[in-house]
Amino acid sequence: MSANKQEERGDTLQLDERKMKILQAVIRNYLETGEPVGSRTISKYTDLNLSSATIRNEMADLEEMGYILQPHTSAGRIPSDAGYRLYVDLMMQEKEQEVQELKELLLEKEDKLDHLLKQTAKLLAVNTNYATMVSAPSIHKNKLKFLQLSRVDRNHILAVIVIEGNVIKNTMLTVEEELTDETLLKLNILLNTNLNGVAIEEINLKTISMLKQQAGIHGDIVSEVIDAVAEAIQEDEDLEIYTSGTNNIFRYPELADQERASQLINTFEEKKVLSELVQETLSEERSTGIQVYIGKEAPIQSQSMENCSIVTATYDLGEGMKGTIGIIGPKRMDYDRVVDNLKTVMRQLDSFYKKE
């Protein structure tokens, strides 16, 4: 480790919580106003409840450490390059830790949910004596939760995009010149302030024009980030569908002849028709609650299901995460029992997810 690095590390270790809060307040205030920051401003800006004299002493220490500068006598302070570097490094560590913790939590939840949905399909098949399907949840809202830009090298920045449902997308962007820590920080603040909680269809030309104007010479980067957000939100993913009870088809003579049974079994094995059924049921405005389709009433046209009834239910895990449960059987199915089973399963899924 070089002497400079050792000195930087030593100074960092000397930054107690109070100094760190004051440094962060100086940087954030300067980024917002572009004006040197005085002790009185800091006393109003933080929750430290310190006198201006105490804050002045702390700022003098920060200046001696090289984290802030006094551009003119009697003026307030501004961040130094070392101050920006420390602020950005700590911010990136926090964001990376947040994203990593979120990924780990989601993976754990997905594993549990994957097992639960498979078991749900099996249980429904046993309880109803019909063929069953359960789709994994997909995102049906498209709001941005937050995004983070970070430098990879001189000509590349990484955009980490988190959309509703805690879906994380990483996109690499190419830049013509290296962006400073201050520039990246300002772009992060600008984009998150204006786009967090906004759906992609709400980001119109007026919004883009306003953001590009505020970004100044970095307007092109804003356009690229918005394009990346739109692509991440609209990106189609393979729909996972769990099935069970296909052999139950042979219990019913009207479905058990060789041609019809073969068509239905192929439908469950290939899952293309089932995927279309899920997409159609979820896209309907009334896609909450339980729907019953008899024969050709089904929202998709499939010869294999013309002699069937399909009962579907949409489960909603919140944050736009929805999936479909479907039970396929003869038109003379026991509708009361099927509906009761679906209601029970939906309550269980709701209870499972909200307890997590």
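A cavity, as I use the word today, is a set of grid points where a 1.4 Å probe fits but cannot get out. Please keep in mind that the model on the screen is a predicted one.

With that definition, the structure holds 3 cavities of 30 Å³ or more, and the largest cavity has a volume of about 70 Å³. Its lining is made up of Gly 295, Lys 296, Ala 298, Ile 300, Gln 301, Ser 302, Met 305 and Glu 306, and if we sort the lining of this largest cavity by class, we find 3 nonpolar, 3 polar and 2 charged residues.

Let me turn now to the helices. Helix H2, which covers residues 17-33, packs with helix H6, residues 181-195, at an angle of about 75°, and their axes lie 11 Å apart; because angles from 65 to 115 degrees count as roughly perpendicular, H2 is described as roughly perpendicular to H6. On the H2 side the contact is made by Ile 27, Tyr 30 and Leu 31, while H6 brings Glu 182, Leu 185, Lys 186 and Ile 189. Taken by class, the residues of this contact divide into 5 nonpolar and 2 charged, with no polar ones.

Finally, a word on charged pairs. Side chains of opposite charge can pair when their charged atoms come close, and the structure holds 13 salt bridges. In one of them, the side chains of Arg 18 and Glu 58 meet at 2.7 Å, N to O. This pair links distant parts of the chain, since Arg 18 sits in helix H2 and Glu 58 in helix H4, residues 52-65, with the two residues 40 apart.

How values were computed:
Residues are numbered from 1 along each chain as its sequence is written. This is a predicted model: local features need pLDDT of at least 70, side-chain atom pairs count only at pLDDT 80 or more; totals for chains, interfaces and linings use all residues. Side-chain values use heavy atoms; hydrogens and water are left out. On a 1 Å grid over the protein atoms alone, a cavity is a set of points where a 1.4 Å probe fits but cannot get out, and a pocket is an open set with protein on both sides within 12 Å along at least five of seven lines; lining residues have an atom within 4 Å of a point. Grid points are joined across faces, edges and corners, and a volume is the space filled by probe spheres set on the points. Ala, Val, Leu, Ile, Met, Phe, Trp, Tyr, Cys and Pro count as nonpolar, Asp, Glu, Lys and Arg as charged, and the others, Gly among them, as polar. Axes are lines fitted to C-alpha atoms, for helices over the stretch in contact, and angles run from 0 to 180 degrees between N-to-C directions. Helices (H or I, at least four residues) and strands (E, at least two) are DSSP runs, numbered from the N terminus. Angles under 35 degrees count as roughly parallel, over 145 as roughly antiparallel, 65 to 115 as roughly perpendicular and the rest as oblique. Contact means heavy atoms within 4.5 Å. A salt bridge is a side-chain nitrogen of Lys or Arg within 4 Å of a carboxyl oxygen of Asp or Glu.
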